[in-house]
Amino acid sequence: MTSVELVHCFREGLAEKRAEIERLLRTLMDSRIDPPWASFEWQKIKYIIARCISHCLCQHGCKVYLLEMHGGEPSEGIGDKDIDLAIDCPLLQEDIDALEKEFEKTVLGFLGDILGDDARKVLKVPNIVELHSLNEFIIKKHVRARNQHYAIDLC
């Protein structure tokens, strides 16, 4: 499996969810919540995007967990600014950092098209997608402990 295949799959998933994401972004922008990432709508959009990514990875036998973390530790509250996914994917032909960059570029283009501006600027976030190896100590620790406040098993 290559990053090209995964990004293509991700783009298709985003396209299928475009109407729902647009509706949530419109509601978010109309509410004028500051910072925007602290809103229910952004947290829901994050979950939709995470499900699109995990769908593509899960088809290839990967394990994917959605993490609620802030600074590497479990988040207290609504969630954080970005989407943190822990993945274990032996068939991945590229490294996780390269795949993260491709997913980030894809989602920034997608959201920017809807918002008509730089999504990071509008949402006041430094980035949107972060991929972590399941082998990172702190992540493995919480996933193995079945800490459901920290790691949601997506597949």
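Let us start with Ile128, which touches Trp42, Asp82, Ile83, Glu104, Val107, Leu108, Leu111 and Ala119, leaving aside residues up to four places away in sequence; contact here means heavy atoms within 4.5 Å. The model is a predicted one, in which local features need pLDDT of at least 70 and side-chain atom pairs count only at pLDDT 80 or more, while totals for chains, interfaces and linings use all residues. Residues are numbered from 1 along each chain as its sequence is written, and side-chain values use heavy atoms, with hydrogens and water left out.

Ile128 and Leu111 touch the most other members of the largest nonpolar core, which has 43 residues. Such a core is a set of buried Ala, Val, Leu, Ile, Met, Phe, Trp, Tyr and Cys residues joined through side-chain atoms within 4.5 Å. Buried means under 20% relative accessible area, exposed over 50%, and partly exposed in between (1.4 Å probe, protein chains only). Among the elements giving two or more residues to this core are helix H1 (3–16), helix H3 (40–58), helix H4 (96–115) and strand S5 (129–133). Helices (H or I, at least four residues) and strands (E, at least two) are DSSP runs, numbered from the N terminus. H3 provides the largest share of the core, nine residues.

Next comes Asn127, in the loop between H5 and S5. Asn127 counts as buried because its relative accessibility is 16%. Its side chain makes a polar contact with that of Glu130 (3.1 Å); this term covers N or O atoms within 3.5 Å, where within protein one must be able to donate a hydrogen and the other to accept it, and residues adjacent in sequence count only if both atoms are side-chain atoms.

Now for the cysteines. The whole structure holds three disulfides, each a pair of cysteine sulfur atoms within 2.5 Å. In one of them, the sulfur atoms of Cys9 and Cys56 lie 2.2 Å apart. This pair links helix H1 to helix H3, 47 residues apart, and both cysteines are buried. Another disulfide joins Cys58 to Cys155, at 1.8 Å from S to S. Because Cys58 lies in helix H3 and Cys155 in the segment after strand S6 (151–153), parts 97 residues apart in sequence are tied together. Cys62 and Cys89 also form a disulfide, with 1.7 Å between their sulfur atoms.
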